[in-house]
Amino acid sequence: MFEQFVNGIFWDIALIVFFVGVIGRLATLFLRSKRIDYSEPRNSGISGAIMANIHGFYPRKEISSRVRIQVIAGYMFHLGFFILLFFAAPHVKFIAEHITGFSYMTIPYWAFIVSAQIAFAGLILLWVHRVLNPVTRLISKRSDHVSSILVFVVMLTGCMALAEASSELRALHRFSVELLMIYFPFSALMHAFMFVPSRAFTGAFLGRRGVKV
Amino acid sequence: MSTPLERGVDMLKSQVDARVESYFSSCTHCGVCAEACLFYTETHDPRYTPIYKTEPLRKVWQQEYTLWGKLSSSLGLSKPLTEKDLSDWETLVYDGCSMCSRCTMVCPVGVDIAYLIRKVKEGMAAAGFVPEGLQNASKRALEFGSPMGLTSKGLLAAVEQQKKDHGIDIPVDVEGAEYLCMLSSNEVVLYTEFLTAISKIFSAAGVTWTVSSKYFEATNTGVQMGNSGIAAQLLERLVEVATELKIKTVISPECGHAYTTFRWDGANILGRELPFNVVHIMELLDQLRKDGKLKTTGSFDERLTYHDPCNISRRGGVLDQPRDLLNQVAPNFVEMHENMEMNWCCGGGGGVSSNERADPLRLKVFDVKKRQLDELNVTTLVTSCSNCRLMLEEGLEENEMDVEVIGITELIADHLA
């Protein structure tokens, strides 16, 4: 019954909420993009937008020593998570069956374990830093904590369902993923898409002024 | 009749655009911005974390423009913005932020926090939560034409004094001159050597220029306090005099926020293109140098460094020109460890210098500049913003540091061939 619900109607709901929500949020950017910049540009805003998106992937040297935890833990989590998401054998199989129609390279079992450990370590480190550091503790919102917990649960149930030993555990993992998908468009998780226009806006703004971003 | 809070909230609502939407949607509250802010690094008070200062706008955005926020507020699960919030944030926004935008440069998701702060200030100003010093400066700017209360008579007296002291004729209200030079009150009252210097340089370079007796003030308190209405009124005065005098290019003097206001933000505040070009005095001097019209002789041999004014460098894009000029006359010019678009602010930008209440905090955060200067062991500090110059002088005096502060324009004028 639970498996049927998770693999059926709830999956459909999660998929619709996720796509409609994400597309809707991105569409609001276009709806609210009404400003024309009347000042005469010094340089290209487009190249500024592109450069800002590239340079945003590494910290500026002036502050890198002060933000090591956020950077290292951030990369650990994101890299580990994306390797699992796109290259873990069960995920590739799922993607081939439901989205692409074809399969591609998967990571070996040991790489799955290593990626999962790195991702877990990164996520836990980020959350501990969020709770213990006076700055992040002050500025964090409920949504930041809920997002961290949901992602943690998704990863945990994923590991529990490893090797597809139990269909119940696999259903539990899928249920947690669907919850995450429903929560995604309304939460801080939207940064996964929004960072691109955000960097682009600032990069274009500064780029047309001739400031290197 | 709406209450001050309602006016503030309405104004904040009107400030939400695509950039605001993308910024608040992508911020992960990682806290990296704090490490770039001198108000945080020098006090270790987490309330000075840049993104935290934008909280009133974030709250309004979330409750008014997101599905989850609307749902939460309709169910009473989230608290609406209150007058106390605005009152609490007034000191964070006006005393604890110089809008230097160093935080913008380090944000991993590219949030332009200075842009958000500027919008928060619009809401604060609409609700009447603006420091007294800034309010008074704004009143004087509207009534007399300058935030210091300096009138045209004051300018003409300074012009007369230049003739008396240096035998220099400052052109006033010359129609059809190539350039209209705007001035900050600082340059008319405190740093009159700027007037002397540009007169000498323009005379040597064969440039025709003028000042306007009708409106000369380069600073814009509307921008500083976050009131676009006042900012627009002051800008219209510039447009009026430049049009009357048939000016093609307006010179922004050694003043940081005047440059970003004229060159970049002014047209957007007015909602139309400006009928003239704008150059910063550094850009013009460097162009004259490149054209062979500005020749220098001799050198200034003291060990010196350059303080990048945030609005001219990081926010304005005038980065190489001051260095090219300095390299022409100062063989012992050395760079600060963190410079150009990653310079540290003097602490007095964004209207902080006009806000007496913020003085103790401003002098406290000057520690970062002190450390930068101590590392270099220089005798002279050069800058291209008279507001920075004043803040630097006060900071140096407070710390009993024996460093002289001068403007680049006067340094160049002293070495004219």
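## Contact between chains A and B

In this predicted model, 43 residues of chain B are in contact with 46 residues of chain A. On the side of chain B that touches chain A, the elements giving two or more residues are α2 (18-26), α5 (67-74), α7 (102-106) and α15 (256-270) of chain B. Of these, α2(B) gives the most, with seven residues.

Sorted by class, this side of chain B has 19 nonpolar, 13 polar and eleven charged residues.

## Domains of chain B

Chain B is divided into three parts: domain 1 (4-129), domain 2 (133-289) and domain 3 (293-413). Between domain 1 of chain B and domain 3 of chain B, the C-alpha centres lie 30 Å apart.

These two domains also touch: 15 residues of domain 1 of chain B are in contact with 21 residues of domain 3 of chain B. On the domain 1 side, α3 (38-41) and α7 of chain B each supply at least two residues.

## Parallel strands and a crossover

Strand β7 (residues 380-383) of chain B pairs in the parallel sense with strand β5 (residues 304-307) of chain B, over four bridges. In this pairing, Y306(B) stands opposite V382(B).

Strand β7(B) is also joined by four bridges to strand β8 (residues 404-407) of chain B, and the two run parallel. Here L381(B) stands opposite V405(B) in β8(B). Together, β7(B), helix α20 (residues 386-398) of chain B and β8(B) make a right-handed β-α-β unit.

## Two loop residues with positive phi

Most residues other than glycine have a negative phi. H29(B), which is not a glycine, has a positive phi near 55 degrees. H29(B) lies in the loop between α2 and α3 of chain B. H29(B) counts as buried because it has 21 C-beta neighbours inside 10 Å, and the cut-off for buried is 20 or more.

E400(B) is likewise not a glycine and has a positive phi of about 50 degrees. Its place is in the loop between α20 and β8 of chain B, two elements of the right-handed β-α-β unit. E400(B) counts as exposed because it has 6 C-beta neighbours inside 10 Å, where 12 or fewer is the limit for exposed.

Definitions and conventions: Residues are numbered from 1 along each chain as its sequence is written. Chains are lettered from A and ligands numbered from 1 in the order in which they are written. This is a predicted model: local features need pLDDT of at least 70, side-chain atom pairs count only at pLDDT 80 or more; totals for chains, interfaces and linings use all residues. Two residues are in contact if their C-beta atoms, placed from the backbone, lie within 7 Å. Ala, Val, Leu, Ile, Met, Phe, Trp, Tyr, Cys and Pro count as nonpolar, Asp, Glu, Lys and Arg as charged, and the others, Gly among them, as polar. Domain bounds come from an automatic or database domain assignment. Two strands pair if DSSP finds at least two bridges between them. A crossover is right-handed if, with the strands pointing away from the viewer, the path from the first strand over the helix to the second runs clockwise.
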